[in-house]
Amino acid sequence: RFHHTSTPHWCSCSKTISDEKYQDPFQLGRKDLKNLYEDIKKELLVSAAELKEMCDYYFDGKGKAFRPMIVVLMARACNIHHNNSKEVQASQRSVAIIAEMIHTASLVHDDVIDDANSRRGKRTLNQIWGERKAVLAGDFILSAASVALARIGNTTIISVLTQVIEDLVRGEFLQLGSKENENERFAHYLEKTFKKTASLIANSCKAVSILGCPDPKVHEIAYQYGKNVGIAFQLIDDVLDFTSCADHLGKPTAADLKLGLATGPVLFACRQFPEMNAMIMRRFSKPGDVERAWKYVLQSDGVQQTTYLAQRYCHAATREIRKLRPSPEREALVHLTEMVLMRDK
């Protein structure tokens, strides 16, 4: 409620495409993403029936394919910028498939670490098959992604995308730690957010730009766009943990507090309610901590400040992508930044 009643006052960016043809990113990316999940399942060909069932459970074709969609739009935008080619190369589409596989493997492992019982509105792998098998399924998806990556046959692309896997692990370790100093704490949070969420989008965008265009300036534009959109996406996710009902979000609300995590809304609220410091340091482990922290956040401007910060990252992403030649895909990537800000699940 807080989020929805206040958002229009913050989002000045809803008019960024006033004089240009509106481009729906999902419509524009659909052609290149046709049979995406079938192609992922081909990468996961396995004889063990139970392992196949676990993989099929998450790659059921019901996801939005948000990351692959950004990747194919970026591929087209970079190709058009370079030589006006409107087609996505097979290797660029492979990057989109690999990005979705790495992302899903990270979700499987995250759910084990967090002992989560629901994801995307259904039970997690670890709840159905147990932790050990879930870890192995995540490992298997990662290994299949690595085989697909090797098949592209470009050592630069391999280097760029394996950085994502390293960042995911480092990000998880950052999440397990906490900082005493308030300024260090926020930097720690943003670094964790980049490594756990934005690195995948940033490096996948960079990879397709390398495959489509030799200009290092374009590679940096693609990377910076992905980085800024990825951080904004996670900031809004952290806001939704306080403003969205569990049914809508597909996972329990206050999940981050229950895991002992101090996200953006909590860190901003702490500036108004310093008594939250002690709760953050003990990771909301005492009885009543989660409920008290929840109330403090909603009494503070933590939700608005986090949303405002996400808006700033989206503006930065827009500034970057506008450096490319005009194209429907470029405008769709601009519009995508607005969708990130306005999403409610």
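This predicted model holds a count of 19 salt bridges.

**Charged pairs**

| Pair | Distance (N to O) |
|---|---|
| K42 and D39 | 3.6 Å |
| D111 and R119 | 2.8 Å |
| R170 and E166 | 2.8 Å |

What separates K42 and D39 along helix 3? The two are 3 residues apart in helix 3 (residues 36-43), so about one helical turn lies between them. Is K42 buried or exposed? K42 is exposed, because its relative accessible area is 58%.

Elsewhere, salt bridges with shared partners link D32, R76 and E329 into one network.

**Two helices packed together**

Now look at helix 17 (residues 302-321) and helix 18 (residues 328-342), which pack at an angle of about 180 degrees with their axes 9 Å apart. Angles over 145 degrees count as roughly antiparallel, and helix 17 and helix 18 are therefore roughly antiparallel to each other. On the helix 17 side, the contact is made by T307, A310, Q311, C314, A317, T318 and I321. Helix 18 brings R330, L333, V334, T337, V340 and L341 to that contact.

**A covered helix**

How many of the residues of helix 14 are buried? In this helix (residues 264-272), 7 of the 9 residues are buried, so it is mostly covered. The buried ones are G264, P265, V266, L267, F268, A269 and C270. Their cover includes helix 10 (182-212), helix 11 (216-243), helix 13 (255-258), helix 15 (276-281), helix 16 (289-299) and helix 17.

V71 lies in helix 5 (residues 66-83). Its relative accessibility is 2%, so V71 counts as buried. Beyond its neighbours within four places in sequence, V71 is in contact with Q92, V95, A96, S204 and V208. V71 and V88 are 17 residues apart in sequence, and their C-alpha atoms are 10 Å apart in space.

T104 belongs to helix 6 (residues 90-114). T104 is buried, because its relative accessible area is 0%. Leaving aside neighbours within four places in sequence, T104 is in contact with Y58 and F59. From T104 to V169 there are 65 residues in sequence and 14 Å in space, C-alpha to C-alpha.

Where is L259 found? L259 is in the loop between helix 13 and helix 14. With a relative accessible area of 33%, L259 is partly exposed. Setting aside its neighbours within four places in sequence, L259 is in contact with D114 and R283.

**A nonpolar patch on the surface**

Finally, turn to the outside. I113, V169, F173 and L176 form a nonpolar patch on the surface, and together they have about 420 Å² of accessible area. Helix 9 (residues 155-176) gives the largest share of this patch, 3 residues. L176 has its place in helix 9. Because its relative accessibility is 56%, L176 counts as exposed.

Definitions and conventions
Residues are numbered from 1 along each chain as its sequence is written. This is a predicted model: local features need pLDDT of at least 70, side-chain atom pairs count only at pLDDT 80 or more; totals for chains, interfaces and linings use all residues. Side-chain values use heavy atoms; hydrogens and water are left out. Patches are made of residues with over 30% relative accessible area and no salt bridge: like charges are joined within 9 Å, nonpolar side chains (Val, Leu, Ile, Met, Phe, Trp, Tyr) within 5 Å. Accessible areas come from the Shrake-Rupley method with a 1.4 Å probe; for residues, only the protein chains shown count as cover. A salt bridge is a side-chain nitrogen of Lys or Arg within 4 Å of a carboxyl oxygen of Asp or Glu. Helices (H or I, at least four residues) and strands (E, at least two) are DSSP runs, numbered from the N terminus. Buried means under 20% relative accessible area, exposed over 50%, partly exposed in between (1.4 Å probe, protein chains only). Axes are lines fitted to C-alpha atoms, for helices over the stretch in contact, and angles run from 0 to 180 degrees between N-to-C directions. Angles under 35 degrees count as roughly parallel, over 145 as roughly antiparallel, 65 to 115 as roughly perpendicular and the rest as oblique. Contact means heavy atoms within 4.5 Å.
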